[in-house]
Amino acid sequence: MGKNMNRNNNNRNRNYRKKRRNTAPVVINYPTTVSYYEGITVGALAKRLERKSGEIIKIMFKLGSMVTINDPLASDLVELIALELNVTATLEVDAIEKEMDFESEIIDNEEDLVERAPVVTIMGHVDHGKTSLLDTIRKTDVTDGEFGGITQHIGAYQVKINDKLITFLDTPGHEAFTAMRARGTKVTDIVVIVVAADDGVMPQTKEAIDHALVANSPIIVAINKIDKPGVNTDRIISEMSELGLVTEAWGGNTMFLEVSAKTGQGVEALLESIQLLAEVSELKANPDRLASGTAIEAELDKGRGVVASLLVQNGTLHHGDYIVVGTTSGRIRKMTDHHGNDIKVALPSTPVEILGLNEVPIAGDSFRVFEDEKTAKEVASRKKNLLDAAERGVSSAMSLEDLAKQILEGNMKEIPVIVKSDVQGTAEAVRSSLEKIDVEGVRVNVLRAQAGGITESDVMLAHASNAIIFGFNVRPNANVRSKAAEDNVEIRLHNVIYKLVEEMEAAMKGMLDPVFEEVIFGQAEVRETYKVSKIGTIAGCMVIDGKMVRNSSIRLIRDDIVIYDGEMASLKRFNDDAKEVQKGFECGITIKNFNDLKIGDIIESHGEKEVAVV
């Protein structure tokens with residue numbers, strides 16, 4: 001019986017071993033090669049590798065990066081992931097990526113080209129009369145209402161001279177707007193440099209010449225203000241010749257014209273010279289193709305949404321077109337010309353204003369029209385992924401004083417900054433000015449430069465990236481200020497670019513030495529307005545944050561944009577004067593020399609406190 005039991009056990013063991021030998025391990029044949037495009041997401045790469053997204057996320061975690069399934073990956077990260085998985089990765093250029101190259105030149109057949117209007121950029125030093133010259137040409141006044149008399153936004157206008165159109169770009173003359181002026185020369189055919197006869201060549205005049213020469217654009221020098229007595233135009237001609245612009249009278253190839261924006265003298269001759277140069281340059285474009293061009297300006301309008309000013313450079317732009325501007329996309333649902341008239345088509349060299357984009361693009365971005373909505377959205381999405389990937393890796397916030405201390409100690413090599421402004425062009429100008437600051441061993445890294453008020457999202461980004469927020473002509477509301485205080489994020493507010501730049505430069509040199517610090521007392525919301533003769537407009541307000549202080553400085557804020565900066569004229573509770581009115585109470589406020597108050601406006605009461613110099 002014992003022998004039978006042993007025989008049975010041996011049979012069972014043999015059967016078990018045989019069964020194990022017949023059960024082969026499952027072998028998964030993963031791809032040994034993979035193709036990818038720049039900015040491919042974690043999920044899309046995992047799908048191409050036939051693996052789970054979690055595997056890719058684990059590899060990225062080992063490499064020191066936290067990612068999610070929808071995060072884009074730069075090509076170097078894809079190569080590292082492929083190396084970990086023993087896979088050969090190849091960067092592909094698919095159809096969408098080809099469409100993403102807005103800068104590539106499309107070659108048109110000569111027979112398809114037709115004459116187009118010249119695009120003329122007006123450049124020069126601040127206060128030398130560029131805007132006044134355009135006023136004379138356009139017979140309108142655009143100077144009123146500009147802060148400090150300086151044109152701070154790019155404008156594009158068309159005028160008809162001798163039955164032919166000329167498109168003008170009005171670029172600011174202040175040197176802080178170098179980037180805006182540089183954008184102007186990228187799209188311009190002819191540059192008109194305005195020099196005041198009573199002032200001569202100034203730093204911004206030299207910058208304008210540099211931009212024009214780099215753009216290889218024909219240049220006309222307009223010597224303005226010749227109506228003033230005792231001006232010496234020969235001195236201007238001599239100074240300009242030293243900078244490489246030699247007048248035709250001296251054997252050079254630069255036209256010099258004497259004009260007076262005030263009286264109109266010489267303006268007609270200037271316009272004829274522009275047309276002559278345009279004819280010689282043989283400016284042409286193909287109107288029978290999908291439109292492309294450049295965004296001149298962009299902003300978020302509370303009533304209309306995203307508003308973008310575009311310059312069509314080739315093709316014809318149509319109402320209803322699917323368009324991509326930089327990293328934003330949309331369908332044109334309204335298009336107007338520079339007079340504000342609705343139009344259905346825009347030919348080359350035409351400036352237009354459009355509605356329909358999903359986000360505010362960056363002024364200076366190229367735009368292109370696509371056949372269908374799917375392609376437009378995919379192109380914009382890919383471009384945005386690439387931008388997000390570039391901005392990654394930028395951790396608690398610090399003040400400007402902390403920054404100066406760290407620089408002195410040699411601990412800070414890069415300063416992260418967020419810029420918010422009333423319009424996109426100014427935001428870009430502030431970005432350019434900050435990035436241009438030259439302090440050895442330290443540089444400014446602008447993480448975000450956008451139009452619009454300072455939001456909680458900005459504070460969160462600043463907190464996560466150890467950044468400082470600069471607001472230009474915008475104000476944070478009470479919730480944003482509270483969030484910033486909670487996260488120790490510093491918000492610096494300005495309305496003059498040079499003061500902002502000087503403040504940052506002083507900090508970068510480790511020399512920040514504040515004497516006064518602004519104190520926000522509180523904010524009140526305008527609930528009613530009453531117009532009283534001899535007094536003006538009285539704002540019936542509710543104090544929504546802090547307190548209102550009599551005789552304090554005030555800011556009037558509308559849609560997070562500073563509309564007016566001045567002084568409080570009176571503060572009352574019912575019919576009695578009040579020194580202060582606390583949060584939750586009603587009050588009546590009047591503002592010195594300002595009556596354009598509207599329901600919903602925010603009045604901010606502020607002052608200064610002295611800070612001890614260390």
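A helix crossing is left-handed if the near helix is turned anticlockwise from the far one by less than a right angle, and right-handed if clockwise. The model in these close-ups is predicted: local features need pLDDT of at least 70, side-chain atom pairs count only at pLDDT 80 or more, and totals for chains, interfaces and linings use all residues. Residues are numbered from 1 along each chain as its sequence is written, and side-chain values use heavy atoms, leaving out hydrogens and water.

**View A. Helix α13 passes helix α16 in a right-handed crossing.** Here α13 covers residues 424–435 and α16 covers residues 497–508 (helices are DSSP runs of H or I with at least four residues, strands are E runs of at least two, and both are numbered from the N terminus). The two pack at an angle of about 30 degrees, with 10 Å between their axes; axes are lines fitted to C-alpha atoms, for helices over the stretch in contact, and angles run from 0 to 180 degrees between N-to-C directions. On the α13 side, look for Thr-426, Ala-429, Val-430, Ser-433 and Leu-434; facing them from α16 are Ile-497, Leu-500, Val-501 and Met-504 (contact means heavy atoms within 4.5 Å). Sorted by class, that's seven nonpolar residues, two polar and no charged ones. For the classes, Ala, Val, Leu, Ile, Met, Phe, Trp, Tyr, Cys and Pro count as nonpolar, Asp, Glu, Lys and Arg as charged, and the others, Gly among them, as polar.

**View B. Helices α2 and α3 cross at roughly 115 degrees.** Their axes come within 8 Å, with α2 running over residues 42–49 and α3 over residues 53–62. This crossing, too, is right-handed. Val-42, Gly-43, Ala-46 and Leu-49 of α2 sit against Ser-53, Ile-56 and Ile-57 of α3. The tally for this contact is five nonpolar, two polar and no charged residues.

**View C. Helices α6 and α10 come within 11 Å, axis to axis.** They cross at roughly 90 degrees, and are therefore roughly perpendicular to each other. On that scale, angles under 35 degrees are roughly parallel, those over 145 roughly antiparallel, 65 to 115 roughly perpendicular and the rest oblique. Leu-133, Thr-136 and Ile-137 are what α6 brings to the contact, while α10 brings Val-267, Leu-270 and Leu-271. By class there are five nonpolar residues, one polar and no charged.

**View D. The largest nonpolar core holds 26 residues.** Such a core is a set of buried Ala, Val, Leu, Ile, Met, Phe, Trp, Tyr and Cys residues joined through side-chain atoms within 4.5 Å (buried is under 20% relative accessible area, exposed over 50%, partly exposed in between, with a 1.4 Å probe and protein chains only). Phe-168, Val-192, Ile-220 and Ile-274 touch the most other members. Several elements each supply at least two core residues, including strands β4 (119–124), β6 (164–170) and β7 (190–196) and helices α6 (130–138) and α10 (267–281). The top contributor is α10, with six residues. In soluble globular proteins, nonpolar side chains tend to be buried together.

**View E. Strand β11 (residues 292–301) includes Ser-292.** Ser-292 is buried, at 13% relative accessible area. Beyond its neighbours within four places in sequence, Ser-292 contacts Leu-311, Val-312, Gln-313, Asn-314, Phe-367 and Arg-368. Also in β11 is Ala-295, which is buried at 2% relative accessibility. Leaving out neighbours within four places again, Ala-295 has contacts that include Ser-309, Leu-310, Val-325, Ile-362 and Phe-367. Its C-alpha atom is 9.7 Å from that of Val-352, a residue 57 places away along the chain.

**View F. Gly-320 sits in the loop between β13 (317–318) and β14 (322–325).** Not counting residues up to four places away in sequence, Gly-320 touches Arg-331 and Ile-332. The C-alpha atoms of Gly-320 and Gly-356 are 9.2 Å apart, with the two residues 36 apart along the chain.

**View G. Asn-86 has a positive phi of about 60 degrees, though it isn't a glycine.** Find Asn-86 in the loop between α4 (75–84) and β2 (88–91), where it counts as exposed at 68% relative accessibility. Lys-225, not a glycine either, has a positive phi of about 65 degrees. Its place is in the loop between β8 and α9 (233–242). Most residues other than glycine have a negative phi.
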